[in-house]
Structures are given as C-alpha cells and as structure tokens.
Amino acid sequence: MSRRRVLLHVGTPKSGTSYLQDRLARNRERLEADGLDYVATRSGDHFEAALDVLGTRWAGAEEQARGQWDELVATARTSRGDVLVSHEILAGAGPEVVERVRGSFPDHEVHVVLTARDLGRQIPAEWQERVKHRGRKDYASYLRTLQRNYGDKPTPFWRVQHLPRILATWGHDLPPERVHLVTVPPADAPRDLLWRRFSDVLGLADPASYAASDRTNASLGGVEVTALRLINLATKERELPRDPYVRWVREGLVKEVLAARSTSPPATVPPTARARVDAVVEEWLADLRQTCTHVVGDLEDLRPVWPDESTTPWSDPDSADPQLVAQRVAEAAAWLAEQAERPHEVPAPALPVPPRMTRLARRWLG
C-alpha cells in the first residue's frame, strides 16, 4: 500500500499562485472526494501558516500568525488522503525551515512543487507588487538593486525567484521524481493551461470539470504605479497604519480606480538590461536541464519573449506623463471622497497633504 503524499507548493510569487489557490479553495470538497486535502485554515489560505514557519516579520502580521503552522499540520494529519500545502512566500525558505516543514510530515511521501514564470515578466511584476504593498522605490532604483545583489547576498527578489537555488534547497536529498517544476505558459496561452499543468502534478483525472476561478491580480500601467508610489510616500509621512492602508488603498483604490482606469503601457525590462536577463536565464536553463526530471510544461517557457522595439518602443514608468499621474491621483481622491459619503462605511480620517507630497506634486506638475 503506497504512502500518502504531501505536496508542498512553495512558489514562486507572481507565477499564477493566487489563481491556483483560489481555484483550489473553490473546489475543496471536490478535491477531497478525489483523495486530495487542500488543508482548510481559519483564513482559508496558507499565508499565516507559511509566515509562522518562516518566522518572518510582516508588518505585524507575524503576531497573529503565531502557532498557525502547527495548526495546519495537526489538521493535515487527520486527512485520509494526500495533502496539499500552498503558499509562494515559502520559496524564500532556508535549509532549517525546509527541514522543519518536511519533517512535519513523517508519515507522508514528500513532494515539492514549484511554479515558475519567465524573468522577463517576473521582474516588472514583482516591482509592481512591492509598490502595491506600500513600496516607494522607483523602477530604476529597483533594477539597480537586482543587478547589484544577484550573487551570494541576494535581495528578497532573488531569494524567491532564483529557480535552481529554490529547487536545490527544497529538493535536497529528495528523489528527483518527487521534485516537480511547472512552467507558466506564455501570455497568449489559454487561461486554464496553467491549471491543467498543475493538476497533472496533483494527479487530478478531469481538471476541466473543477469550478473555474475568476480571480485576477489588479494590473497597473506605468502611470498608475507612479501615482501609487506618490500616494505611498504621502501615507508613509503621515504614518498611516497598515489596516486602513490595506482597506482603502490596496484593496480599494488600487482595484477600483487605478487598475480599472489603467490605459498606460505596463513596465517591462528595459532594452539595456535584456541581455543580462537572457544570460541569467541561459545559466538557469542549463542547470535545470541537468537536475529536473519532472517538468510539466516546457523549459523554453522560461525564456523571455521581448517586444519588438520597432513596433513597441520601451516606456519608462519613471518618466510617466506628469499630467496623467496627477489625474490618477485626483481620481483616487475623488473615489475616497465617495466612500466617505456612504453611510455604511466608516469614513477614513482626513489626511492633510504633507510637505514632501507637496514638493513631489510640484515637481510632477512643473
């Protein structure tokens, strides 16, 4: 009789993980009927458990996450079938955390699953995501940091995106057939192709029959990311607490205003940096061809496809049109005012414009 499996889906961030996790959550009962337990938690996902086992500071959320890894493990051990744990922040784990996570399931056959997308899309996507989480660094500064810190002391980006390193850490001493790399299809591929590839690792017989997810991450153009950075600078100076920022900015105006009105070109890797990115990818592909025995998809999916500069000139998000940026900030302010007028909402406190914001606005407006 074969041992039950525990499938540890450990990332990477921005590789369709939110979409996959939403579809898994929508189909918990169906998965259980098919012999797979996507472990239920108090929050519905595995973020708190992952944060707890990593022991990472996360804007105060680490306190409420305390003990959640042990809770998840205790629940998983009551399952009669295979178990699935999924969160992308686990990609950055070091050897000690990996040993604890894998050691939490002594009666299971451990499998590691990594979803991966090409660096050409990952680099600007991670920058945008950081700005959504109160980041204030402009794109040029972000790119310089990535270039400087690729080696022995990697930045947070490389800790969760360096595919060979992640697979070597999580797959240490595991049989190669238990380490699974799922590549994210090209941008023009069918939306459910990633789900079908992921389902192949899970062993689902009829993935198309599972309820679909309509979740999409709010995508912003360069103008909108710059507007959000200005808002982040202002809320930082005002020392706005995390909870109202999440409610009013990240979950509110980002989705309802900036993403909904986003018409500007998105950030992409600048042409001057593409050769360096290609070199990193070639290095990774050579390593992965040697070490990966179960690739679902195609390793060539990890090779960036650069836009044709003759038809799609590069657009620098740091040089976004100041008038358009100001328009987006004004639309954001109008949306917040509308929310304050709704009787079922608790109005956010009025925020006077701090001096730094005034200087920034003058610079952008000339």
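User: Where is Asp287 found?
Analyst: Asp287 sits in helix H14, which covers residues 271-291. Keep in mind that this is a predicted model.

User: Is Asp287 buried, exposed or partly exposed?
Analyst: Asp287 is partly exposed, as its relative accessible area is 33%.

User: And how many Å apart in space are Asp287 and Tyr19?
Analyst: From C-alpha to C-alpha, Asp287 and Tyr19 are 28 Å apart, and in sequence they are 268 residues apart.

User: OK, salt bridges. How many does the count come to?
Analyst: The count comes to 22 salt bridges.

User: Which residue does Asp214 meet in a salt bridge?
Analyst: That's Arg26, with 2.7 Å from N to O between the side chains. Asp214 is in the loop between helix H11 (193-202) and H12, while Arg26 belongs to helix H1 (residues 17-26), so the pair ties together parts that are 188 residues apart in sequence.

User: What about accessibility, is Asp214 buried or exposed?
Analyst: Asp214 counts as exposed, because its relative accessibility is 60%.

User: Which residue pairs with Arg197 in a salt bridge?
Analyst: Asp301 does, and the closest N and O atoms are 2.8 Å apart.

User: Which residue does Arg178 meet in a salt bridge?
Analyst: Arg178 meets Glu109, at 4.0 Å from N to O. This pair links distant parts of the chain, 69 residues apart: Arg178 is in the loop between helix H10 (163-170) and strand E5 (179-183), and Glu109 is in strand E4 (residues 109-116). Glu109 is partly exposed, with a relative accessible area of 23%.

User: Which residues are linked in a network of salt bridges?
Analyst: There's a network that links Glu224, Arg261, Arg328 and Glu331.

User: Switching to the surface. Which residues form the positive patch?
Analyst: The positive surface patch is made up of Arg130, Lys137, Arg144, Arg148 and Arg159. One of these, Arg159, lies in helix H9 (residues 156-161).

User: Why does Arg159 count as partly exposed?
Analyst: Because its relative accessibility is 39%, and partly exposed covers the range between under 20% for buried and over 50% for exposed.

User: Backbone now. Which residues does a cis peptide bond join?
Analyst: Gly11 and Thr12, with omega at about 5°. Thr12 lies in the loop between strand E1 (5-9) and H1.

User: What's phi like at Lys14?
Analyst: Phi of Lys14 is near 65°, which is a positive value in a residue other than glycine. Lys14 is also in the loop between E1 and H1. With 17% relative accessibility, Lys14 counts as buried.

User: And what is phi at Asp173?
Analyst: Asp173 has a positive phi of about 70°, although it is not a glycine. Asp173 is located in the loop between H10 and E5.

User: Is Asp173 buried or exposed?
Analyst: Asp173 counts as exposed, because its relative accessibility is 66%.

User: Back to helices. Where is the place of Thr235?
Analyst: Thr235 is in helix H12, residues 222-238. Thr235 is buried, having a relative accessible area of 6%.

User: What does the side chain of Thr235 reach?
Analyst: The backbone oxygen of Asn232, at 3.1 Å.

User: Last one: where does Ala320 lie?
Analyst: Ala320 is in the loop between E6 and H15. At 9% relative accessibility, Ala320 counts as buried.

User: How many Å separate the C-alpha atoms of Ala320 and Trp170?
Analyst: Those C-alpha atoms are separated by 41 Å, and Ala320 and Trp170 are 150 residues apart along the chain.

Note on methods
Residues are numbered from 1 along each chain as its sequence is written. This is a predicted model: local features need pLDDT of at least 70, side-chain atom pairs count only at pLDDT 80 or more; totals for chains, interfaces and linings use all residues. Side-chain values use heavy atoms; hydrogens and water are left out. Patches are made of residues with over 30% relative accessible area and no salt bridge: like charges are joined within 9 Å, nonpolar side chains (Val, Leu, Ile, Met, Phe, Trp, Tyr) within 5 Å. Accessible areas come from the Shrake-Rupley method with a 1.4 Å probe; for residues, only the protein chains shown count as cover. Lys and Arg count as positive and Asp and Glu as negative; His and the chain ends are not counted. The place of a charge is taken as NZ of Lys, CZ of Arg, CG of Asp or CD of Glu. Helices (H or I, at least four residues) and strands (E, at least two) are DSSP runs, numbered from the N terminus. Buried means under 20% relative accessible area, exposed over 50%, partly exposed in between (1.4 Å probe, protein chains only). A polar contact is a pair of N or O atoms within 3.5 Å; within protein, one must be able to donate a hydrogen and the other to accept it, and residues adjacent in sequence count only if both atoms are side-chain atoms.
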